Amino acid sequence: MSDDAALRIASLCVVLAGAETLHGIARTVLVVPRLGKARALKLSAATGSLLALAVCALLVPPIGLHGAAAHLALGLGLAAFMAGFDIAMGLLLMRKPWAKVRADFDPRTGNYLVAGLAALALAPLLVAWARGML
């Protein structure tokens, strides 16, 4: 992998983290008071996935990857990065206990973060397919 591609991937991670952080703040401030936490979490899984897809549509093609395997590997790397980012934000910034952070990944508790991460894992592949890059 070239230095340019590595820098573009790192930039994609930072943009995704920033966009999803702002998305979470907007959900908490604007949507939860109107719809309640349970409905807001369901809605934000969908809107967060669409946001991630939009970011990927802008920033994945210039990376210059070739083939489905490379795009899927990028998606899996992005999902792993975002899972780690979410864990770090919960533990270090929000000072949540580990059990509460872990619950954010459990759909049985009404959280759909895992579904969003799965969608993110497929986003670069979907972008490449939609743009005829495969």
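This is a predicted model: local features need pLDDT of at least 70, side-chain atom pairs count only at pLDDT 80 or more; totals for chains, interfaces and linings use all residues.
1. The sulfur of C56 lies 9.5 Å from the closest cysteine sulfur, that of C13, which is too far for a bond. A disulfide is a covalent bond between the sulfur atoms of two cysteines. The criterion applied here is a pair of cysteine sulfur atoms within 2.5 Å, and a search of the whole structure finds zero disulfides. C56 counts as buried, at 0% relative accessibility, and C13 also counts as buried, at 11%. The terms are defined by relative accessible area: buried means under 20%, exposed over 50%, and partly exposed in between, with a 1.4 Å probe and protein chains only.

2. Residues are numbered from 1 along each chain as its sequence is written, and side-chain values use heavy atoms, with hydrogens and water left out.

3. C56 also belongs to the largest nonpolar core, which has 25 residues. Such a core is a set of buried Ala, Val, Leu, Ile, Met, Phe, Trp, Tyr and Cys residues joined through side-chain atoms within 4.5 Å. The residues with the most contacts inside this core are L12, L16, C56, I63, L74, L78 and L120. Two or more residues each come from α1 (3-35), α2 (37-59), α3 (68-93) and α5 (113-130). The largest share, seven residues, is given by α1. Helices (H or I, at least four residues) and strands (E, at least two) are DSSP runs, numbered from the N terminus. In soluble globular proteins, nonpolar side chains tend to be buried together.

4. Leaving aside neighbours within four places in sequence, L74 is in contact (heavy atoms within 4.5 Å) with I9, L12, V60, I63, L65 and P124.

5. How do α1 and α2 pack, and at what angle do their axes cross? The axes come within 9 Å and cross at roughly 155°. Axes are lines fitted to C-alpha atoms, for helices over the stretch in contact, and angles run from 0 to 180 degrees between N-to-C directions. The two helices are therefore roughly antiparallel; angles under 35 degrees count as roughly parallel, over 145 as roughly antiparallel, 65 to 115 as roughly perpendicular and the rest as oblique. The crossing is right-handed, a term used if the near helix is turned clockwise from the far one by less than a right angle, anticlockwise being left-handed. Among the residues that meet are L12, L16 and V31 in α1 and L43, L51 and V55 in α2.

6. The axes of α3 and α5 come within 8 Å and cross at roughly 150°, and these helices are therefore roughly antiparallel to each other. Their crossing is right-handed. Residues making the contact include L74, L78 and M82 of α3 and L117, L120 and P124 of α5.

7. L43 is located in helix α2 and is partly exposed, with a relative accessible area of 39%. Not counting residues up to four places away in sequence, L43 touches V31 and L35.

8. R95 lies in the loop between α3 and α4 (98-103). Most residues other than glycine have a negative phi. R95 is not a glycine, yet has a positive phi of about 55°. R95 is exposed, with a relative accessible area of 70%.
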